[in-house]
Amino acid sequence: MSRPGFLLSAWPWRSVGYLLTGALAGVLALVGLVTLAAVGGALALVLVGLPLLVVLALAGLPVAWVERRRLALVDLDPAPDPHRPPAAEGLVSWLRTRLREQVTWRELAYTVLFAGLLWPLDALVFTVALLFPLSMAATPLLMATLGEGRETKVLKQWTVTTWPTAFGVAVLGLLLLALGAYVLAVAAGARAELTRLLIADRDGDLDARVVELSRSRVRLVDAFEAERRRIERDLHDGAQQRLVALTMTLGLARLDAPPGPLADQLAKAHDEAGKALAELRELIHGIHPKVLADYGLGAAVADAADRSVVPVDVDLPLPGRFGQAVEAAAYFVVCEALANIAKHSGASRAQVSGGHTGGRLVLEVRDDGCGGADASAGSGLTGLADRVSVLDGRLSLSSPPGGPTLLRVEFPCEVTEVTELSEAADRFA
């Protein structure tokens, strides 16, 4: 509207079309509501158990469908259907889904408001801002045709008897018509924004897309964890078994070979095979440790602490098992933290503590090292923080220069299986 060419653009006419079709659609909506109320009331008397409210609730669906498409006249942003698809096929599932959605009742409220108040306002603005100025601008034509050149009435109120007055009224009508174009645009924009707010909210659509994005990220994490477990199983049952057989064969050949260059080569090959087997086992353990899958997070953390170069105290009483994605993320956070402590901190001792309280799993990793850790400096914690955030968790790091360092991670989760994991973890350690 602030552009100089607004009056010559298509927007005034689009506003006229939006308000005019709104008035027509409002009349149809009013007739439809009255008809549905009458039919629904009659059915409620005949068929006990057919609520009138259900019949009226469905009235908002077609009206909202039309209104979302009418928005394209004055709003270039798309207005997608906010309804969810039913969980199953059939009329009963469709009705159950629609009646449980909040947007269905908002559409019903909008329909009642539209049929009772909004369309008369559309018609009033259309009449005052367009029809009245057009009638004034046509005063000379009306005087020449209907008034036979003698007199005519302006807006059925004022009588015009002279041609100068008729042309003066026409000029005033043209000025009011230009002003009315802005009034029509403002009214149409306000109506469109109200429709957006009630049945096609931009933020609501954005929230739905954010929720779906979060769900897709969780599905990706679950798929990634499933793939990690598959790779670990294939390596454990395939490549590792072959290396074990190769190591045993080389060992037997080494024992049977007479002293000499061949025996030396067999001994060297046997040692290399043993190293390869140890590295493969370490790789398998890093992909998805079997103790985590079989005994849970407590035992896996105790195992990681036992394998750590720096002595680690573990105080992690857990009431049971958690979701696979939560346990895997928590375990790898602890492993990454212990690896960083061994490489960079210079600490003499570390501690892993935490527990499950208030629907949240809390883990804390402390060390008495030199501090100064920076998650943004390529320590590996940035990737872990992204992984934690996918599960709606939080990861925080406190590491002032001189120490100590504290890494804290929280996951919102519930216990999925109640077991005596603390005793299992103690036995495993």
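This is a predicted model: local features need pLDDT of at least 70, side-chain atom pairs count only at pLDDT 80 or more; totals for chains, interfaces and linings use all residues.

Colleague: Why is D75 called buried?

Modeller: The relative accessible area of D75 is 11%, and buried means under 20%; D75 is therefore buried. The residue sits in the loop between α3 (60-70) and α4 (91-100).

Colleague: What makes the approach of D75 to the backbone nitrogen of D77 a polar contact?

Modeller: A polar atom of the D75 side chain lies 3.0 Å from that backbone nitrogen, and the limit for such a pair is 3.5 Å. The distance therefore meets the criterion.

Colleague: Turning to the sheet, which strands form it, and in what order?

Modeller: It is an open sheet of five strands in the order β3-β5-β6-β8-β7, with mixed pairing. β3 (312-315) and β7 (394-398) are the edges: each has a single partner strand, so one side of each has no neighbour in the sheet. From one strand to the next, the twist averages 10°.

Colleague: How do you know that β7 and β8 are paired?

Modeller: Pairing requires at least two bridges, and five join β7 to β8 (residues 405-412), so the two strands qualify as a pair. They run antiparallel, and S398 stands opposite L406 in β8.

Colleague: What packs on the sheet?

Modeller: Helix α11 (residues 297-307) does, touching β3, β5 (350-357) and β6 (360-367). Helix α12 (residues 324-345) lies across β3, β5, β6, β7 and β8, and runs at about 10° to β6.

Colleague: Why is β6 described as largely enclosed?

Modeller: Six of its eight residues are buried, so the rest of the structure largely encloses β6. Eight bridges join β6 to β5 in antiparallel fashion, and the bridge partner of H356 is L361 in β6. Over another eight bridges, β6 pairs with β8, again antiparallel; there R360 stands opposite P412 of β8.

Colleague: How many residues lie between β5 and β6 in their hairpin?

Modeller: Two residues lie between them, and G358 in the turn has a positive phi of about 60°.

Technical notes: Residues are numbered from 1 along each chain as its sequence is written. Side-chain values use heavy atoms; hydrogens and water are left out. Helices (H or I, at least four residues) and strands (E, at least two) are DSSP runs, numbered from the N terminus. Buried means under 20% relative accessible area, exposed over 50%, partly exposed in between (1.4 Å probe, protein chains only). A polar contact is a pair of N or O atoms within 3.5 Å; within protein, one must be able to donate a hydrogen and the other to accept it, and residues adjacent in sequence count only if both atoms are side-chain atoms. Axes are lines fitted to C-alpha atoms, for helices over the stretch in contact, and angles run from 0 to 180 degrees between N-to-C directions. Contact means heavy atoms within 4.5 Å.
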